[in-house]
Amino acid sequence: MDENQAAPKAGKPGVKAGKLTAIKGMNDILPPDSARWEWLEARVRALMARYAYRNIRTPVVETTPLFVRGLGEVTDIVEKEMYSFEDRLNGEALTLRPENTAGVVRAVAEHSMLYEGGKRLYYMGPMFRHERPQRGRYRQFHQIGAEALGFAGPDVDAEIILLADALWKELGLKDVRLEINSLGQPEERKLHRAELIAHFEKHASVLDEDGKRRLHSNPLRILDTKNPAMREVVESAPRLIDFLGETSLAHFSGLKANLEANGLAYTVNPRLVRGMDYYNLSVFEFITESLGSQGTICAGGRYDYLIEQIGGKAAPAVGWALGVERVLELVKEQGADIPALVPDVYAIIPDAVAVPVALRTLQALRAAGVSAQMHAATAEGMGSMKSQFKKADASGARFALIFGADELAQGMCMVKSLRDGSGEQRTQPLASVDTWAPTLQSNRSTGIIHG
Ligand code: ATP
Ligand code: MG
């Protein structure tokens, strides 16, 4: 038997006591919670359109060398977090994308998208990293990202940061702060690197395992440690910013001036580095104190060398990615109220003979923009009026539409208000749904999704 078709066995991943379950760290997103996701996505789409960023959709699976080459071998992601596998059918080395900048850059290069000038792009979708699942950290998680390719900045650096900030405002988020830094250029980092290694060698005893391993391969990444025992040695380390030349400093000043001109507050964090090797010059994170230790909701920076590294024609670029789960948790805590999705009408059908008329009427209502839910039969039949009204109530619909025999005989149906306490009812002609459909339409925000 093919192993994919084997009977589920207890103890296998995704199988509990003979039941198939989702993989650890990979979540189902169910209604009504999925309405939050749709709400966020709709807001992002509208915002991206206002900033003239266009949607790009790249595959969830890419070749493994794309990420190894793009992200850098000595990074958390490549060292230990990637879902990599060999395609059984052709032996190709593949990886579930752990992030999407590499994929976007691959697509941009492959399709020569910068031929006629810069491109502003955005994406949304699942990413995969084999991490220890905890609050705000999952194995399948979702990112929304913006990438501006073909622009040297710092004007576009400011634009893309302002775009993220506009999103926080749109979502009603309050305490999100911005940290920025400059990673300079590779030659400047070389000078800093030598001093950094010397510093960490002097304090080798306080370095943890990761720190020791990175000491000679990627010492800059030690600055990104989350180990509190290493805080002091990181704080006292030589600062990269002190090694930047005039051009890099001018770029950084340009970014700061653009942010200031827009009244966007920031702090310069000289220890801010990013998890991928591809960054240079501007880097930034948006951080909140409201989510415990996973407080970075959005991170990004400039990656002027990635495109050529992946095999495209050299071009500067800048981008960010936000963690949807973390942002949504913050929305839940302090964001705008999200309208609950409820139908405008619930169709009550006392007798099954009325089903064809009800179906037809609901079709006409929906075509006219009304959201309509039909009471569905069970093996026992339509159920009592009382049980149907209970269901109508539970659906959250503002109106019940009753397809009773007496009204139908006159070519009518009954509309009853369920929400305003008036119990007001009126009959409406089945032949001219269009004329009364607008009176049933609400803005679908009669309820709010709570916590
Ligand atoms: P962290 O330092 O938290 O591990 P990172 O530097 O690995 O984050 P990036 O690769 O920069 O994160 O991804 C951008 C954003 O995506 C993060 O700021 C975070 O909001 C989100 N994110 C990253 N990894 C996860 C994950 N495993 N689960 C949920 N969200 C994540
Ligand atoms: Mg990480």
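Student: What is the length of the polar contact that joins the side chains of R57 and N55?
Tutor: A polar contact is a pair of N or O atoms within 3.5 Å; within protein, one must be able to donate a hydrogen and the other to accept it, and residues adjacent in sequence count only if both atoms are side-chain atoms. For the side chains of R57 and N55, the contact is 2.6 Å. Bear in mind that this is a predicted model: local features need pLDDT of at least 70, side-chain atom pairs count only at pLDDT 80 or more, and totals for chains, interfaces and linings use all residues. Residues are numbered from 1 along each chain as its sequence is written, chains are lettered from A and ligands numbered from 1 in the order in which they are written, and side-chain values use heavy atoms, leaving out hydrogens and water.

Student: Where is R57 found, and is R57 buried or exposed?
Tutor: Helices (H or I, at least four residues) and strands (E, at least two) are DSSP runs, numbered from the N terminus. R57 sits in the loop between β3 (54–55) and β4 (61–63). Buried means under 20% relative accessible area, exposed over 50%, and partly exposed in between (1.4 Å probe, protein chains only). R57 has a relative accessible area of 69%, so R57 is exposed. Over the protein chain, buried residues make up 49% of the 451 residues.

Student: Now the rings. How many aromatic pairs are there?
Tutor: A pair of aromatic rings is described by the distance of the centres and the angle of the planes. Rings of Phe, Tyr and Trp (its six-membered ring) pair if their centres lie within 6.5 Å; planes under 30 degrees apart count as stacked, over 60 as edge-to-face and the rest as tilted. The count here comes to 3 aromatic pairs. Take W168 and F286: their ring centres are 5.4 Å apart and their planes are at 70°, so the pair is edge-to-face. This pair links distant parts of the chain, with W168 in helix α5 (residues 155–171) and F286 in strand β11 (residues 280–288), 118 residues apart. W168 is buried at 2% relative accessible area, and F286 is buried too, at 1%. Elsewhere, ring pairs link Y278, Y279 and Y303 into a cluster.

Student: On to the ligand. How many residues surround ligand 1?
Tutor: A residue is near a molecule if one of its heavy atoms lies within 4 Å of it. For ligand 1, 17 residues do the surrounding, and the closest are R129, E131, R137, K226 and R274. An N or O atom in the side chain of R274 is 2.2 Å from an oxygen atom of ligand 1. A backbone N or O atom of Y138 lies 2.9 Å from a nitrogen atom of ligand 1. Strand β12 gives the most to the shell, with 4 residues.
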